[in-house]
Amino acid sequence: MEKEVMSSLKMAGNILCSASSFIRKCIFGVLRVGPIPNHIAFIMDGNRRYAKKQKLSHDGAAGGGGRYDAGFWALMVMLLYCQELGVKYITAYAFSIDNFKRKPEEVESLMTSMLEKFHLLDILVKLLAVRVHYAGNLELLSNELRASAMELTEATAAYSKSVLTICIAYTSRDEILHAVRESCEQKRIDLEFGNDDDDEIKLMKVEKNMYMAVAPDPDIIIRTGGENRLSNFLLWQSCWSHLHSMWVLWPEIGVWNLVFAILNFQRNKTYCLDMKKKEKEL
Amino acid sequence: MLSLRFAIPTANTLTPPKIKPKPGLVVQTAWNQTDLFPSLPKRNDNKLQAATTDLSVAGDIPAEEVVELPAELSRELMPKHVAVIMDGNGRWARQRGLATSAGHEAGVKALRELVELCCQWGIQVLTVFAFSYENWIRPKVEVDFLMSLFERALKSEVESFSRGGIRISVIGDSTKLPTSLQKLINEVEETTKHNSRLQLIVAVSYSGKYDVVQACRSIAEKAKDGQIQLDDINESLIEQELETNCTEHPYPDLLIRTSGELRVSNFLLWQLAYTELFFAQELWPDFRKDEFVDALSSYQQRQRRYGGRH
């Protein structure tokens, strides 16, 4: 009897999943009638509040990155949905340079958690043929974490179906500072070797030296957690981006949140494209 | 996940969690989302006609006085620097069947009111996005009108601003402006440079990206001349070279954008790193005291963590 009940429940579950998947495919089909963003960036805010709600393990506990597990899987789910929709570039704000200001034990726990997730990510992105890129001042990371990041970047360099950029030890101002330094250094070298074909540093030269030069500017920046600020994320690249804030905490983000964000974007896309073209003309 | 509702609303219908305020805990609000079909504004202006060339609304900016704040606002939590993207003049005029020029003139009046409120409520810096670098591709007629409007507004307001203790600064690529306007800007900046009640920064022919690029060029020149080494280039140096170096508070605490658009449109990119963003549905000429109070009230309820923990 029990076996029959379990079997019925399993069948009901499969039917529900199939129906849900069918409805999702239909909705995505409708979305694809309109313009699909090429690049979506996520500010993954709300992990700590989610952990408090769910009473997940404290940061200080051994292997205490438990509160960020749900956030990691939320990112993987978003990556899957974006791939299904045809969004080629996904960027996630994983760890800001400002986050180093947190308590040392919290930072250490985060770094440990990230290292574990990189190993998991290694398997998942190869299954999904996703190229992974890390944007940020990687010199601020531990040797182990940096090596793991470089290894994954090299291992996935040949994939082209989607590009996942993880911003780690990143702030936009640090990125711009890095680009300015590189541009000045290149200018100095050009002058030294008499290759200076231009009197002034141009905007394109600065852009080429950004950590985010691997991806086009984001079409949408989605911030979860209800806050209304960029928090030093993609300041340069966000000038024409559609900004979408949502109350939902990052680990709770679902397909409907993504659908709403894209629908809002589609209403404004024509304007953004026009302005990007006009910026290039000037 | 499974839902039988097929009519998907475009507005974000996810409601914020109900948080019971505790002592010391502030309630956060989300960005306002645009409706699919925004309704016409509720204000009923009886004077639906093009404004005259007289741009002053009600005499001088009042001299310093203790002004009672609206009940929702706290003086201690007032932002030091507010930035505004004044969007919606054209749409405002079209909704009323007026020429675009009428929308811009109404926008100047709204700006004047905002300047008065900032003076009264202790805001120290107000930066307004009057004309972006990308706006040069607008029709020549509109651009010429805007340039003449800036000149008229500056000429008519300079004395009033001087008496009201307002310092005017203009940022942006002034080389593209008419010579007469460039000269007037220099005069106005010189005349008001010692005023300290409020600094009004007007961004004209401004682009956030070009602000950073010109800072980069300036730094490259200094490095070329040996004034600085490459290792000396840091965030502080870039801040000093940006056009907002004309003020002690270059980073806005609050950015307001009107007309319901959800983007920053190449305005103050570096400076907006930790700025609280507020998107108002109203078109700029309709953005008045009540709407400003809403924006300030929203700002005062937010928790600013700067990447750390509270």
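B:Q303 is placed in the segment that follows α7 (289-300) of chain B, helices being DSSP runs of H or I of at least four residues and strands runs of E of at least two, numbered from the N terminus. B:Q303 counts as buried because its relative accessibility is 17%, the limits being under 20% for buried, over 50% for exposed and partly exposed in between (1.4 Å probe, protein chains only). A distance of 20 Å separates the C-alpha atoms of B:Q303 and B:R257, which lie 46 residues apart along the chain.

The structure is a predicted model, in which local features need pLDDT of at least 70 and side-chain atom pairs count only at pLDDT 80 or more, while totals for chains, interfaces and linings use all residues. Residues are numbered from 1 along each chain as its sequence is written, chains are lettered from A and ligands numbered from 1 in the order in which they are written, and side-chain values use heavy atoms, with hydrogens and water left out.

The model scores ipTM 0.86 and pTM 0.84. For chain B, pLDDT (the predictor's confidence in each residue, from 0 to 100) averages 81, and 77% of the residues score at least 70. Within chain B, strand β1 (residues 81-85) has the highest confidence, at 98, and helix α5 (residues 208-224) the lowest, at a mean of 89. Over residues 1-58 of chain B, pLDDT stays under 50; for this stretch the model has 107 contacts beyond four places in sequence, a contact meaning heavy atoms within 4.5 Å.
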